Amino acid sequence: MISSAIIPQPLARLPWRLIFMVIGIGLIGLLTLYSSAGGSMRPWALKQAIVFAGFFTVALSMSWIKESTIKAVSFPVYGAVLIMLILVEMLGFVGKGAQRWLDVGPIRLQPSEFMKPVIVLVLARFYDLLPPGAIRSWRAIWPAATLLGLPFFLILIQPDMGTALMVIFIGITVIFVAGVPIWLFIGGAAVIAAAMPLAYAMMHDYQRRRVLIFLDPEADPLGAGYHITQSKIAIGSGGIFGKGYLQGSQSHLDYLPEGHTDFVFATMVEEWGLFGGVLLILAFAAVIRWGMQVSIRARTRFAQLAAAGLSATIFFYVAINLMMVMGLAPVVGVPLPLVSFGGSAVMTVMLSLGLLMALERQQRTGNSLS
Amino acid sequence: MNQRLTSAHQSISFSRRMLLIGGAQVAVGGLLVSRLGWLSVAENDRYKLASENNRVQLIVVPPRRGWIVDRTGKPIAINRSDFRIDIIPEQLEQPETTLRTLAEVLELTTDDVDRILRELKASKGFKPVQVAENVPYEKYAAVTVRLPEMPGVQAMRGFSRFYPDGPAVGHLIGYVGAASAEEYEKENNPLLITPGFKIGKEGLEETLEQRLRGQPGGQRVELTARGKLVRELTPKPDRSGNTVQLAIDSDLQEFAARRLGEESGSCVIIDCLTGDILAMVSMPAYDPNSFSDGIGRTEWSSLSEDPRKPLLNKVLNSLYPPGSTIKPMGALALLEHGVNPADRIHCPGGYRLGNRFFRCLGRHGSVDMRRAIAKSCNTYFYAMGHRVGYDNIAPMAKRLGLGAEFNLPVVSQSYGTVPNSEWKLRKFNEKKGFVERPDWTASDTLNASIGQGFLIVNPLQLAIMAARIASGRNVQPKLIGVHKEPAPLLGIPPEHLEMVRGGMWQVVNGDGTAGASRLPLEGIEMSGKTGTAQVRRITGGQRGQSGDWRYRDHGLFVFFAPSSNPRYAGAVVIEHGMGGSRAAAPVAKDVLTFLFDRQKALQSLGALEQQWGGTLAERTARRAAAIKAASAARA
């Protein structure tokens, strides 16, 4: 992109616009974490900076992976993550409690997080292998439904509704752009609408409460509706330009719960106002748009579908989190990627970005396989 | 071919669907931005307020109660700083361990702990619940060092009411206490249920409540969601209550209280020109200091069962037959109705009315008006009263303040009765059996003429009567403020007043009934009139001069001084004191001496107090210790 005689070729080849954007979002996140710790690098900002830098390096190095390699590992990796999900489930059963992670030495692996990019890859690979003429047939649907349904079910019973929903949304997006007949989606939506009461009946108590509270947060502002109410107060009290950096009373005085994780957007907007909020949304929009461009420009079907799915992953993260924070969706525990404190979301998004960059590099080098 | 066609078709479908996805994403983005705009612009005011309400809490700080000072500015009721322990329910994390620790350190009783638990359950948020007040410093310090392990407990300085003169001002000032549920309902002011806030419960503390209370302030504090104090914001200052200056001379008040000693009685001293009440004492009295801390059951019952009635303000709420003290008033009425003061009546030891013989205290022989006053001759007043008729005497009684309800900031006044024929008829119709017949009889007149029968008054009225005779002015009693302006004249001819005052001078300084109570002062003389009020009908020879204390006669004395140029007037009533000259006049003598020569008065008081077993303060302390011991023995 940036070409100059002085800059070495490998560096100049990097997607600098995306890199600036991602670093910008990351910096906003670090500033907000610094503020929400009361003006301190500890306990969050410093740790987050290290995690961010680490995964960003991983993402950048992933951009050299060849598309053929990605294609080749799609199914094996999917299988491995699925096994990990089952392991987690068994551990939880043995330990008599909900468990979402595996302890591998010092690292805590959360297989459901891996599943987000992996489901994209495996579905893209599946439709890539499927002969174009079969796309309207039953053959195009049931394997994909199985590939998607298994991890969805495993994550749902963890229980982690937020991640399960994201996996299903991402998967459906890939299936949708792959060209499966549109009536299936309309019909599916109708079936889901009809099945809502049934799903409600099957929910855990805390999940049900979340749904009820989403529908009417003011009914119990000091109890379970507290999160949404306080988050809206934080955002609404910021006004156009915010209360000023390090001046957010909602987050600093702990009225806003989870102000450094899921509700980090409220913390940020309280201090930066509508202005800061829109800026962050635009930055995410640019990243997602870049991903969508990669998909549109892709020359292979796998790259098309994978890029679309990976962009959708980032999109769903951002959209679900912001809707949740602003009271448009129930609180489902989806963090704001690259901004919220916590390694797993950063990892997922960086993996997605790494894969996107790899796919993008293939396009530019003209190393077409079709 | 088919394959390629489908492939191309697939590519078109992909582009179309990508457009759809992109469109949907843009739509969601637009929704998010507009939602953000809605919250932070359109709803900004509402959420700003909500955020401020979160952040800032107001902790009500009770205002300091205004002082009550005497006419010289000497404090009568002040605030003493003390230590108190409260619990802020919202910040309380471990109710059980915290309460256990507090109960141990502060030595709380189970009753206290129950009350705290009850109040904790009922309250919420930042309204503190009182654990203990008036905590001694050592215990306060012991709680303070444990505060870090007891979040929600608040140890702070508060204020408690203090009355330096103790029982001497008990009935006059009253006391303060926490508002009762009814008082809170009546006023519906949250200040009333703030821990540590006290309202006036009796006497001037109650009647002057609004002036003394002041405006509550608030400590505005920034708190975290967990209730931790971040910082104190600019506080809303409280305004202390106003200082109220009384007409009372607190030294005189205290002296009078001490001089009454162990007697059950009252003493009122009035500035006879302006009406300022310089002293208004009823003894025995409760110690308002112990009432303000909340009174124990044992102390309460010992007070309410005492036959000398320490809970009753005898100045205002006890009614006595005035006895002979109203004879000067009667003389004024006789003069007004044309009786020549030189007219003589022969006193053979009584007065015969039909077949009844009304007794006099002695055989006075031939007496004129002046001598009748000096010797307190009943026969003269029987005869003259009978000649003029009581309906002509009663107006003078009322004119001099008897039977009057005064405009005073007091909780209640019992104003008694000045009877006449119309009154008797009304009573006959209203209350069956209260009077035997509807018409006013000659014997009614005779009884009323010597201050017995239907006539009953309170000691303040007697003092006002003395003041009006002394100055000839329409003196109104005043408790609040210092007044300089003399009251307007009553319009009684000065020669009438001179005549009566002369008789009163003779009572003390001539060969009258109170000759033993001359002021021990150079050039200052006291004039007065003794009185003895029967507690029950005279049976046989016994005249209430001995026997059971409860049936002994009351001793009364009204007086003014200096005789030549009256400035002070007053009344002393000693219940069951057996006679005015014996019990009441000596008290008046000493109290008036104090006004002119404190040294001398305190010396003679010292001698008396030695007989009684210590000063008032010492005896009060001893009584409190005894009550405490009794209460401990009962518990």
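Which residues of α21(B) are buried? Read on to point 4 for the list.

1. Ground rules. This is a predicted model, where local features need pLDDT of at least 70, side-chain atom pairs count only at pLDDT 80 or more, and totals for chains, interfaces and linings use all residues. Residues are numbered from 1 along each chain as its sequence is written, while chains are lettered from A and ligands numbered from 1 in the order in which they are written.

2. Chain A overall. You'll find 14 helices and 2 strands here (DSSP runs numbered from the N terminus: H or I of at least four residues for helices, E of at least two for strands). Of its 370 residues, 50% are buried, meaning that 20 or more other C-beta atoms, placed from the backbone, lie within 10 Å of the residue's own.

3. Helix α21(B). Residues 494-509 of chain B reach 21 Å from first C-alpha to last, close to the 22 Å expected (1.5 Å times one less than the number of residues). Its buried residues are B:M499, B:V500, B:R501, B:G503, B:M504, B:W505, B:Q506, B:V507 and B:V508. They pack against α14 (327-336), α15 (369-375), α20 (459-471) and β17 (527-533) of chain B.

4. Where the chains meet. Chain A puts 39 residues into the contact and chain B 37 (contact means C-beta atoms, placed from the backbone, within 7 Å). On the chain A side, α12(A) supplies the largest share, 11 residues. That side divides into 24 nonpolar, 13 polar and 2 charged residues; Ala, Val, Leu, Ile, Met, Phe, Trp, Tyr, Cys and Pro count as nonpolar, Asp, Glu, Lys and Arg as charged, and the others, Gly among them, as polar.

5. A helix pair in chain B. The axes of α22 (residues 580-596) and α23(B) come within 6 Å and cross at roughly 145 degrees (lines fitted to C-alpha atoms over the stretch in contact, with angles from 0 to 180 degrees between N-to-C directions). B:D590, B:T593 and B:F594 of α22(B) meet B:R598, B:K600, B:A601, B:S604 and B:L605 of α23(B). Just after α23(B), B:G613 takes a positive phi of about 95 degrees.

Terms used
A residue is buried if 20 or more other C-beta atoms lie within 10 Å of its own, exposed if 12 or fewer, and partly exposed in between; C-beta atoms are placed from the backbone. Two residues are in contact if their C-beta atoms, placed from the backbone, lie within 7 Å.
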